[in-house]
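The exercises below are to be worked with the sequence and the three-dimensional model side by side. Each task is followed by a solution that goes step by step.

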Amino acid sequence: MIPHIKKFPFLFLLILSISSGCGEKPSGNTNLRNVILTTPLPSDKEAREEFAGIIEEDKNINVSFMADGKISSLHAKEGDRVKAGQLLATLDDSDYIIGVNQLKAQYNQMTEEKKRMDEMFSRHNISPNDYEKFSAGYEQLKLQMELAEKKLGYTKLYSPSAGYISEKFMEPGELVGAGTPIFKITDDSNLVVVVDLPVSMFVERDKITRIQGFTPSLPDEAIPLTILSFTPDASNSMLYKMKLSIPAGFHSSLIQGMNMKVAIVVNENNEESHRLPVRSILNDNGICYIWVFNPSDSTISRKQIQIIGEEKDNLIKVKGLDGSEKVVETGIKQLFDGEKVVETVNLLKAAN
């Protein structure tokens with residue numbers, strides 16, 4: 001017997017216990033994490049999203065004189081409806097008339113002189129060089145007179161299109177330069193809808209199959225809308241402007257400034273996409289992952305996916321799955337690659 005055993009019996013028992021424990025294999029972990037699993041849902045062939053739109057006139061035009069001068073009269077006021085070609089304003093044209101009359105007098109005098117020069121040239125009484133110089137001066141004077149007459153015509157301002165005067169910028173007696181806006185004409189013969197789109201819809205604009213508008217003034221009508229244009233530059237809010245035309249038959253029931261709900265349908269037949277609960281997706285520095293459950297050994301592994309749509313009803317559209325995966329839906333931030341887990345029945349889904 002080992003010396004001093006009788007004196008310290010508890011020490012012997014402790015050493016024996018440690019020695020016997022070192023030879024045993026550790027027992028398996030019975031405290032596995034419980035997780036709820038879900039299966040990816042197939043994406044619809046068509047996706048429908050709704051946006052708020054504003055009805056606007058298709059065209060606004062700032063009209064201005066093509067000459068400098070002082071406004072002598074205005075022939076329209078704000079709110080007036082105007083026709084294409086209607087006189088809107090005039091400039092004081094006295095200086096322009098004087099200029100035209102002076103050039104006309106010079107031109108008439110030179111025309112008589114040209115008759116004499118033509119006769120002298122036909123008789124060889126003037127050299128060809130002198131005759132060419134005179135003819136060039138005569139043509140130049142003619143062009144100056146025509147330009148002056150054209151500028152005289154610029155002292156009258158006509159409406160370039162039908163519509164109504166939405167703004168008046170100047171008053172009679174004011175001096176204006178060529179190009180200074182006098183009126184703004186709104187062409188309300190064609191109404192459009194303007195919609196701000198998020199990036200996700202803008203990048204899928206080529207897949208849009210149909211667009212419809214809904215407004216309280218026509219509660220039972222789905223108004224077919226046609227794309228006119230997209231603004232390629234995003235606003236400060238990262239929204240892209242889309243302009244849609246409204247069929248003329250609906251214009252009488254709509255007015256500028258009215259709100260319209262715009263429903264956009266996108267064809268997704270070519271997208272190998274699925275829908276997953278938003279809470280099942282882990283974002284790691286801008287890269288999205290999910291945890292996929294392997295039923296053969298009850299382990300999980302991380303799989304990268306690509307988000308291709310907006311959240312809707314707590315589901316989001318993704319690419320990178322074949323639809324047969326079992327995906328961990330809850331507690332995704334506490335998991336690690338290769339971890340063994342136990343599936344917990346989703347009582348809410350089971351009840352449904």
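**Exercise 1.** Locate Val-203 among the secondary-structure elements, decide whether Val-203 is buried or exposed, and state which residues make the nonpolar surface patch of about 260 Å².

*Solution.* Val-203 lies in the loop that links helix H4 (199–202) to strand S12 (208–215), where helices (H or I, at least four residues) and strands (E, at least two) are DSSP runs numbered from the N terminus. The model is predicted, so local features need pLDDT of at least 70 and side-chain atom pairs count only at pLDDT 80 or more, whereas totals for chains, interfaces and linings use all residues. Residues are numbered from 1 along each chain as its sequence is written, and side-chain values use heavy atoms, with hydrogens and water left out.

The next step is accessibility, for which buried means under 20% relative accessible area, exposed over 50%, and partly exposed in between (1.4 Å probe, protein chains only). Because its relative accessible area is 57%, Val-203 is exposed. Together with Val-199 and Met-238, Val-203 makes the nonpolar surface patch of about 260 Å². Such patches are made of residues with over 30% relative accessible area and no salt bridge, with like charges joined within 9 Å and nonpolar side chains (Val, Leu, Ile, Met, Phe, Trp, Tyr) within 5 Å; a salt bridge is a side-chain nitrogen of Lys or Arg within 4 Å of a carboxyl oxygen of Asp or Glu.

**Exercise 2.** Explain why Ser-245 is classed as buried, and list what Ser-245 touches beyond residues up to four places away in sequence.

*Solution.* Ser-245 belongs to strand S15 (residues 240–245). Its relative accessible area is 15%, and therefore Ser-245 is buried. Once residues up to four places away in sequence are set aside, Ser-245 touches Leu-191, Val-192, Pro-224, Leu-225, Thr-226 and Leu-228, contact being defined as heavy atoms within 4.5 Å.

**Exercise 3.** Describe helix H2 and its buried residues, and find which helix is included in what covers them.

*Solution.* The buried residues in H2 are Val-100, Leu-103, Tyr-107, Met-110, Lys-114 and Met-117, and their cover includes helix H3 (128–153). Just after H2, His-124 adopts a positive phi of about 65°.

Turning to H3, its 26 residues reach 38 Å from first C-alpha to last, close to the 38 Å expected. Its buried residues, among them Tyr-131, Phe-134 and Tyr-138, pack against H2.

**Exercise 4.** Give the strand order of the open sheet of four strands, and explain why one side of S8 and of S10 is left without a neighbour in the sheet.

*Solution.* The order is S8-S7-S5-S10, with antiparallel pairing. Strand S8 (156–158) and strand S10 (175–176) stand at the edges with a single partner strand each, so one side of each has no neighbour in the sheet. Two strands pair if DSSP finds at least two bridges between them; strand S7 (residues 87–91) and S8 are joined in the antiparallel sense over three bridges, and the bridge partner of Leu-87 in S8 is Tyr-158.

**Exercise 5.** Determine how far Gly-323 and Pro-40 are apart in sequence and in space.

*Solution.* Gly-323 is placed in the loop between strand S21 (315–319) and strand S22 (327–328). Gly-323 and Pro-40 are 283 residues apart in sequence and 5.3 Å apart in space, C-alpha to C-alpha. Neighbours within four places in sequence aside, Gly-323 is in contact with Thr-39, Pro-40 and His-274.

Note on methods
The expected span of a helix is 1.5 Å times one less than its number of residues. Accessible areas come from the Shrake-Rupley method with a 1.4 Å probe; for residues, only the protein chains shown count as cover.
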